[in-house]
Amino acid sequence: MFGFLGRKKAKKNEPVIRARPDHCISRKNIDRDALRVLYRLNDLGYTAYLVGGGVRDLLLGRKPKDFDVGTSAKPDEVKRAFRNCFLIGRRFRLAHLRFGRKIIETATFRQNSQTVGEIIEHAAEGPFEDNTFGTPETDAYRRDFTVNGLFYNIRDFSVIDWVGGLKDLEKRVIRSIGDPMIRFREDPVRMMRAIKFASRLDFKIEKDTAKAMHKLHSMILSASAPRVCEEVFRLFPYGKSAEAFRMMWEYGLMGDLLPELAEFIKKDGGLKSRTWKYLAMLDRYEIAMAKQGYDVPNGLRAAVLYAAWAHDEPGNSREIMGTMLRSLKIPKATYFLAVLMIDSVKRLSRPPEKSRLRFLHNRDFPDALDFNRIVVRAEGRSEKILDQWQDLYNEEMSKET
Ligand code: ATP
Ligand code: MG
């Protein structure tokens, strides 16, 4: 009997380490400048990891949007090591290393779950450093989801996993690090991030994480408006907006943030609402535009989100988009562009008349034309009239050059 006692004792927490031959991350796929930062910190004797979404995306064979570095070096030590270093934030200073227009964000390992957004918001509160610095372990645990808590160690090219992220990447699940009821109360925006990652990566939200979202969704109303607004528009660019907004609707987050739209969708058949068709067509457009390096304007995206409703109430564009303006505090420019998109439907549904071509010279005309194609395709109608507008537009433009 005695023999078994000691063995059951919990071992000191140790990470899972996956050595170079056992994972697919190759330095070829890591940004040159990020590598430079990692090597330099490592050469100076600091711990230096690639962290967060970059590691996740590399392990999935996707191209990361940005490369963030985590290090044992303190902000002033990072500053001393790089001439192109700018420290931002006061409460917890972050180092931005600039390489042309690119920024490699370099953060000292920390303890708490303060986010970059919060750091900037609290920047005015005081110049003290807090006792927020931590270890790689605490830095892993303060992150939002297990798949976002992985580290790539430049010293031996291994992947370090404190939080079960490798397993969850294989199972393709978004799982809160720690108790989701606590983590979502701490920062309700994480619920939107769960939806963003699940839709973008085609992952499932793990059961307890999903349950907490169903319970806590209305806490999103206590998050700061600009952060929420930013996260809403980050549901679009990966061509998965139909899935993302369907999840927003199902989890109740849309009902909190965009109550009038949620109400419309409910009346329009819920999961059968035409809204999803419009968004699905937008998604194809987003993917095509991303390939050309064109950023779709948020006003066009917003207009597609409301296209089914606008279709039912022609002439009511200001009122309809006004609900989004008020509840989400979207920028005025986004609101005006969305209104213009919706109002263009009537004009572009008739063949162009030679005498009334001013609209062709509006700088938003190309976006309006694209918006109309999305609408017409989603409704399964003919694009003949839009082609006429397109031809005339091309003609006019060739005159100008
Ligand atoms: P993306 O590809 O959209 O940039 P990402 O995972 O890199 O996805 P970021 O918003 O760039 O997400 O944040 C970088 C990392 O910081 C995340 O991977 C996560 O580890 C951590 N993080 C970001 N926001 C939060 C948050 N609200 N709570 C806890 N950790 C966060
Ligand atoms: Mg990122």
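Which domains does the domain assignment of the chain give? The assignment gives domain 1, residues 16-176, and domain 2, residues 259-400. Domain bounds of this kind come from an automatic or database domain assignment. The centres of domain 1 and domain 2, taken over C-alpha atoms, are 39 Å apart.

Before I go on, some ground rules. This is a predicted model, in which local features need pLDDT of at least 70 and side-chain atom pairs count only at pLDDT 80 or more, while totals for chains, interfaces and linings use all residues. Residues are numbered from 1 along each chain as its sequence is written, chains are lettered from A and ligands numbered from 1 in the order in which they are written, and side-chain values use heavy atoms, with hydrogens and water left out.

Now the chain as a whole. Its C-alpha atoms fill a box of roughly 90 × 55 × 45 Å along the principal axes. The chain holds 21 helices and 10 strands; these are DSSP runs numbered from the N terminus, with helices being H or I of at least four residues and strands being E of at least two. Of the 401 residues, 52% count as buried. Buried means under 20% relative accessible area, exposed means over 50%, and partly exposed lies in between, with a 1.4 Å probe and protein chains only.

The accessible surface comes to about 20500 Å², and 52% of that belongs to carbon and sulfur atoms. Those areas come from the Shrake-Rupley method with a 1.4 Å probe; for residues, only the protein chains shown count as cover. As for contacts, meaning heavy atoms within 4.5 Å, consider those in the chain between residues at least 6 apart in sequence: 67% of them join residues at least 24 apart.

Next, strands. Strand β2, residues 48-51, runs antiparallel to strand β3, residues 68-71, and four bridges join them. Two strands pair if DSSP finds at least two bridges between them. In β3, T71 is the bridge partner of A48. β3 also pairs with strand β6, residues 102-108, in the parallel sense over three bridges. There, V69 stands opposite T106 in β6. As a general point, in a regular strand the side chains alternate between the two faces of the sheet.

S317 sits in helix α18, residues 317-328. Leaving out residues up to four places away in sequence, S317 touches G322, V339, I342 and D343.

In which loop is K329 placed? K329 is in the loop between α18 and α19, the latter being 332-347. K329 counts as exposed, because its relative accessibility is 57%. Its phi is positive, about 55 degrees, although K329 is not a glycine.

R172 likewise has a positive phi, of about 55 degrees, and is not a glycine. R172 lies in the loop between α7, 165-171, and β9, 173-174. With a relative accessible area of 37%, R172 is partly exposed.

Last, which residues does E396 touch, not counting residues up to four places away in sequence? E396 touches L357, L360 and H361. E396 is found in helix α21, residues 384-400, and its relative accessible area of 12% is why E396 counts as buried.
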